[in-house]
Amino acid sequence: MTQPKPWERQPDETPQAFEAFARYRDMPGRRSMDRVAKELHKSHALMGRWSVRHRWVERAAAFDAAEDEAWREEVRRTRVALARKHAAVGAAMLTKAVARLQSINPDTLSPNELERWMRTATEIEARAMNLDDAEENAVKAAAGAITELVRGLRATG
């Protein structure tokens, strides 16, 4: 037979002693044997004996730790689900943005628009490649040089 969890009824625990422990374990706020004694109309001395014999404080602490762990796991699962949901929304938005970008004729972009596009594109590439600041700045400088070339071509155009 498997050993019960600390917050469950123990083999040597009477139903009445377990009921008292369960009230103590589930008590909101600060736990108190006095409150349990009053709720169950039992003596404080009896609650003290049961508490020591059946390790109420230790078992309640184990219960709290298990509840905290369950809560942390629920929060972790929720965060993962939200991250997946947000990634799906981001992917859908990106698909629409890419479709719109593909419909734009690049010949209609002004030099200023082209420059913004180049800088934005190089920033996206640098972040995607996880470049450090120096590498990212080099990529941005190259994009700026290309933009200046395009401006010059359009001006002489």
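What share of the contacts in the protein with a separation of 6 or more is accounted for by residues 24 or more positions apart? In this predicted model, such residues account for 48% of those contacts, a contact being defined by heavy atoms within 4.5 Å. Residues are numbered from 1 along each chain as its sequence is written, and side-chain values use heavy atoms, with hydrogens and water left out. Because the model is predicted, local features need pLDDT of at least 70 and side-chain atom pairs count only at pLDDT 80 or more, whereas totals for chains, interfaces and linings use all residues.

The predictor's confidence in each residue is expressed as pLDDT, on a scale from 0 to 100; its mean over the protein is 88, and 92% of the residues reach 70 or more. Among the elements, the highest mean pLDDT, 98, belongs to helix α1 (residues 15-25), and the lowest, 69, to helix α6 (residues 133-156).

The secondary structure consists of 6 helices and 0 strands, where helices (H or I, at least four residues) and strands (E, at least two) are DSSP runs numbered from the N terminus. Along the sequence, the pattern is therefore written α-α-α-α-α-α. The radius of gyration is 34 Å, well over the 15 Å that the globule rule gives for 157 residues, so the protein is more spread out than a compact globule; the radius is taken over C-alpha atoms, and the rule is 2.2 Å times the number of residues to the power 0.38. The C-alpha atoms fill a box of roughly 100 × 35 × 35 Å along the principal axes. As one example of a separation within the model, the C-alpha atoms of V52 and E125, which are 73 residues apart along the chain, are separated by 65 Å. V52 lies in helix α3 and, at 68% relative accessibility, counts as exposed.

Of the 157 residues, 21% count as buried, that is, under 20% relative accessible area, with exposed meaning over 50% and partly exposed in between (1.4 Å probe, protein chains only). In α1, the buried residues are A17, A20, F21, A22, Y24 and R25, and what covers them includes α2 (33-40), α3 (44-53) and α4 (56-102).

Most residues other than glycine have a negative phi. H41, in the loop between α2 and α3, has a positive phi of about 55 degrees although it is not a glycine, and at 73% relative accessibility H41 counts as exposed. R55, in the loop between α3 and α4, likewise has a positive phi, near 50 degrees, but at 37% relative accessibility R55 counts as partly exposed.
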